[in-house]
Every structure is written in C-alpha cells, then in structure tokens.
Amino acid sequence: MLSATKKKEWTPRRGFSVRTRVLAGMLGLITLAFAVTGTVVYLLQVSSMDARIDDSLKRSVQEFQVLTDRSSQMATTVEPLTAEALLYAAMQQTLPAKNEGMLSLLNGSVRWTAPEIVKMRPENDPGFIDWAVHRAPTDRVMLQTVPTSQSVYRVVSIPLSLERDESTPHLFFAYDYTAEKRALNQGFMMYLLVGLVILLGAGAVGWLLVGRLLRPVTLLRDTARQISESDLSQRIEVVGRDDLAELTITVNAMLDRVQNAMISKRQLLDDVGHELRTPVTVIQGHLELMDVNDPHDVDQAREIAMAELDRMSFLINDLVTLATSNSDGFVQLAPTNVGTLLDDLLDKARTLGQRNWRIGNRVEATANLDAQRITQAMLQLCSNAVKFSTVGSTITFGTNIATDQHNGSVLRFWVRDEGIGIDVSDQDRIFERFGRGQNSKRTEGSGLGLNIVSAIAEAHRGTVGVSSDVGIGSTFVIEIPTTLQKEEDEPNTDH
C-alpha cells in the first residue's frame with residue numbers, strides 16, 4: 001500500500017517590520033536620553049534648591065546678629081534693649097522671600113508675625129507652633145527640617161538670651177519646603193510634557209524618514225514578489241546615493257545576470273529542441289528504411305548518419321560556446337600585438353578554401369583583447385566568406401584604427417569578399433541565432449556562426465556589422481573599443 005504525504009510549506013511567522021523596529025530603537029534611545037538628562041537635571045535642581053534655601057536662612061541669621069550688635073551698642077540705661085523690641089525690629093527690617101515666613105515667640109506664645117503681604121504663614125500650622133514652643137532648641141542657633149501634618153519646613157531657630165528676660169524668646173525663619181518642591185516638580189512636569197511632545201513629533205518625522213530610507217528595501221521586496229521565471233524584466237528604482245542605493249544597484253546587477261542566465265538557458269533549450277530534432281529524425285528515418293541485407297544501402301545509411309552526427313557535434317559545440325558567452329570568463333583580455341595576430345590569421349585562413357587571401361590595411365599596435373576569441377570570430381567570418389564566394393576569388397581582411405567620441409580609440413577587424421552578397425532585408429537578421437539570408441541553404445552550417453561572432457564582439461564591449469551589395473560582395477566589421485599602444489602603421493600592405 002502506497003501512502004503519499006503532502007509536504008507542508010513552511011512560512012515564517014510575521015514579526016515587526018524593519019521600519020517599526022528601527023523607529024522603536026530610535027524612540028527608545030531618545031526616551032532614554034530624556035530620562036537620564038531629566039533625572040540628572042532634576043537632582044541638580046533639588047540640590048541647588050536646598051543650597052539656596054539654606055543660604056537664605058543662614059543669611060537671615062547673620063543679618064539678625066548684625067542687628068543685635070548694633071542695637072546693643074545703641075541701648076542706654078534709660079532705654080534698655082529688650083527682647084520684644086529686638087524681635088520687632090528684626091521682623092520689621094526683614095522681607096521674606098516667596099514661600100518663606102517668620103514669627104517670634106515670647107513667653108511661650110506667638111508675639112510677632114510677618115506682615116499680611118507675606119503668604120507663607122507658619123503660625124497657622126498647629127504642628128509648627130507646637131514644635132516651636134516645646135522642641136525648638138534654646139541654647140544655640142539651629143538649622144533643621146521640621147515635618148508637620150500640613151507641610152515640611154526648613155527652619156532656622158534663633159534663641160535670644162538677654163539678662164533681663166526670664167524666658168528664652170525665639171525668632172524663626174522658615175521655608176515651606178513642600179511648596180518649593182511642588183514648584184520644582186511643576187517645572188519638571190513641564191519638562192516631561194515638552195519631552196513627550198518632542199517624542200511624538202520625532203516619532204512622526206522618524207516614521208516618514210525611516211520609510212523613505214527603507215524605500216529601496218520595500219521596492220526590493222515588491223520587485224522580488226513580481227519576478228517569476230517567465231518575467232525577469234522587473235528592476236528596482238535606485239533612490240539616493242547611500243548604502244541602500246549601492247545595494248539596489250548590486251541587486252539590479254544580480255537580476256541582470258539571472259535574467260541573462262535564464263535567457264541563455266531558455267535559448268539553449270529551444271535551440272537544442274529545434275535544431276537537434278532534424279538530424280535525429282534524418283538518422284532515425286534512414287535507419288528504419290535501411291535494408292540490412294543490402295551492403296550498398298547500409299553504406300549509404302552509414303554515410304548519412306555520420307554526416308548528420310558530425311553536423312550535430314558541430315552544432316553542440318556552437319551551442320556550448322553561446323551558452324557560456326554571458327559568463328565573466330568568456331573572454332580573457334591580455335595585451336596582444338595586432339600585427340602578429342593578423343599574420344597568424346592569414347596562415348589559418350588559407351586552409352579554409354582556395355581563395356586569393358590578402359591582408360589589406362594593417363595596424364602595428366598592442367591592444368587589450370582576447371586573441372583566441374578574436375581569432376575564432378575572424379575565422380568564422382572568413383569561413384562565411386568562403387562559403388558564399390567562388391574558387392579563386394579574393395578575400396581580404398585587415399585592421400585599422402578609428403576614433404569614437406564616447407569610447408576613444410576603436411580597433412576594427414574587417415573581412416571583405418567578392419561573393420554573392422546579402423540582401424538589405426537580411427543584413428540584421430543574419431546575426432540572430434539560426435538567422436539565415438535568402439541565399440543560404442539549410443544544410444550549410446549550424447546557423448550560429450555569425451551569432452557567435454556577435455557574442456564575441458559584445459564580450460569585448462564592441463559591435464559587429466555588415467555592408468553588402470548583392471552580386472558584388474560583403475564586408476563584415478568588428479569594432480572593439482580599447483586602449484592602443486601604437487607601434488607602426490602600414491596602411492597599404494598586401495600579402
């Protein structure tokens with residue numbers, strides 16, 4: 001019993017987008033910066049407030065001591081210095097700050113208080129009065145914190161010790177520490193509110209900014225979704241000049257390579273299926289009809305089969321060459337002496353057919369090219385010239401240098417024959433795969449020769465073209481942009 005298990009396609013769990021994570025990280029850093037800065041500033045302000053309050057209370061003590069010394073010097077036996085008068089004078093000459101109050105005690109009860117203009121009234125706090133009457137130190141000036149049920153005070157108590165007073169009068173300067181802290185906290189709350197507004201604004205701007213920065217990634221995702229084996233033409237729009245733009249360019253280049261590879265693969269499969277079917281069919285048909293008892297029929301079928309197999313082998317080699325033409329290692333550029341290359345071409349071309357082989361224009365220079373591939377292309381053009389010309393006719397090839405406004409120096413390899421020529425309507429089509437002119441025959445060659453020449457020229461960043469007149473001949477030209485080190489030029493040398 002056979003059982004089939006359906007393979008479950010794994011899909012990753014959807015998480016937060018890159019945009020959300022980048023924005024969250026950015027806002028987290030801003031929040032942390034606000035928190036650290038606010039905490040440090042708040043603690044510094046609390047410390048500064050404490051120091052300010054203590055300095056103000058100490059200054060009040062010093063001013064009272066100055067007043068006491070001055071009043072003691074001015075006192076006489078007629079008008080002796082009394083605690084009540086000293087307290088009154090001190091409170092009359094002191095203007096409390098905001099959230100600061102004062103009062104004086106005489107004989108255990110409140111004697112003098114601050115003017116009505118002063119808002120801070122410690123005498124209205126029973127807890128403060130109880131502390132001042134019963135727990136305030138009587139032997140020294142004391143600066144301390146006094147908590148009550150209504151508030152917390154920072155208080156300096158000043159006891160008076162005069163010879164005529166039986167009790168110890170007190171003068172109190174007090175800050176409402178709770179009110180001071182509340183004012184500070186209100187300022188800090190304003191800081192938090194402003195920080196929150198800034199954080200929200202930064203979040204909105206950051207969302208738009210991060211979205212713009214990550215636009216190439218979004219385009220990459222959308223383009224990747226649209227790309228399929230049947231459509232590899234989609235490309236990502238390059239935005240900006242940053243790292244993401246470089247990533248976009250790199251991905252587009254990768255897509256170009258993938259598309260070229262897929263095109264080559266598709267063309268190879270189409271070519272193999274289209275071109276190899278014919279020789280296989282021919283061989284199969286002759287073998288099926290062959291009379292095994294007739295030696296002549298067997299020899300004839302064998303000759304046909306061998307011819308078709310040779311053509312098939314030739315076709316396969318051409319297909320392999322075209323399949324590798326888009327790879328990086330298809331051409332190996334190296335400094336090459338063009339004159340020497342032309343001489344080698346002449347020696348090899350003479351074996352192609354009984355023609356009057358000549359070198360026309362000759363350039364003595366060193367160029368950066370692949371000598372093997374150029375030789376392959378030129379021999380293909382020479383073979384093509386032999387195929388469509390008569391025995392004894394002249395085939396001339398050579399090189400010359402031209403100047404192009406975009407590419408600089410251009411090296412031209414050309415082959416001219418005196419053959420049947422090519423019709424104008426066929427001159428573009430003959431460079432396509434299996435493209436043939438009206439004067440060619442199906443069985444002559446693989447139909448890939450000129451397409452290989454075109455691929456070799458393109459691999460050198462060059463082009464191939466033809467000019468032809470029917471009945472007069474054709475001239476094929478390969479143009480390659482390159483840097484030349486010219487040695488010598490002999491424009492009219494025939495061999």
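Predicted model: local features only at pLDDT ≥ 70, side-chain atom pairs only at ≥ 80, totals over all residues.

Trainee: What makes Arg-52 and Glu-180 a salt bridge?

Mentor: The cut-off is a side-chain nitrogen of Lys or Arg within 4 Å of a carboxyl oxygen of Asp or Glu. For Arg-52 and Glu-180, the closest N and O atoms are 2.8 Å apart, so the pair meets the definition.

Trainee: Which helices does that pair link?

Mentor: Arg-52 sits in helix α1 and Glu-180 in helix α4, 128 residues apart, so distant parts of the chain are linked.

Trainee: Why is α1 called roughly antiparallel to α4?

Mentor: The axes of α1 (residues 18-74) and α4 (residues 177-213) come within 10 Å and cross at roughly 160°. Angles over 145 degrees count as roughly antiparallel, so α1 gets that label relative to α4. Their crossing is right-handed. The residues of the contact divide into 20 nonpolar, 10 polar and 5 charged.

Trainee: How many cavities of 30 Å³ or more does the structure hold?

Mentor: It holds 1, and the largest cavity has a volume of about 30 Å³.

Trainee: What makes it a cavity and not a pocket?

Mentor: In a cavity a 1.4 Å probe fits but cannot get out, whereas a pocket is open.

Trainee: Which residues line the largest cavity?

Mentor: Pro-216, Val-217, Leu-220, Ile-236, Leu-247, Thr-248 and Val-251 do. Helices α5 (215-226) and α6 (243-275) each give two or more residues to that lining. By class, the lining has 6 nonpolar residues, 1 polar and no charged.

Terms used
Residues numbered from 1 in each chain as written. Heavy atoms only, no water. 1 Å grid on protein atoms, 1.4 Å probe; cavity = no way out; pocket = protein on both sides within 12 Å on 5 of 7 lines; lining within 4 Å. Points joined across faces, edges and corners; volume = space filled by probe spheres on them. Helix = DSSP H or I, 4+ residues; strand = E, 2+ residues; numbered from the N terminus. Nonpolar A, V, L, I, M, F, W, Y, C, P; charged D, E, K, R; others polar. Axes fitted to C-alpha atoms, helices over the stretch in contact; angles between N-to-C directions. Parallel < 35°, antiparallel > 145°, perpendicular 65-115°, else oblique. Left-handed = near helix turned anticlockwise from the far one by under 90°.
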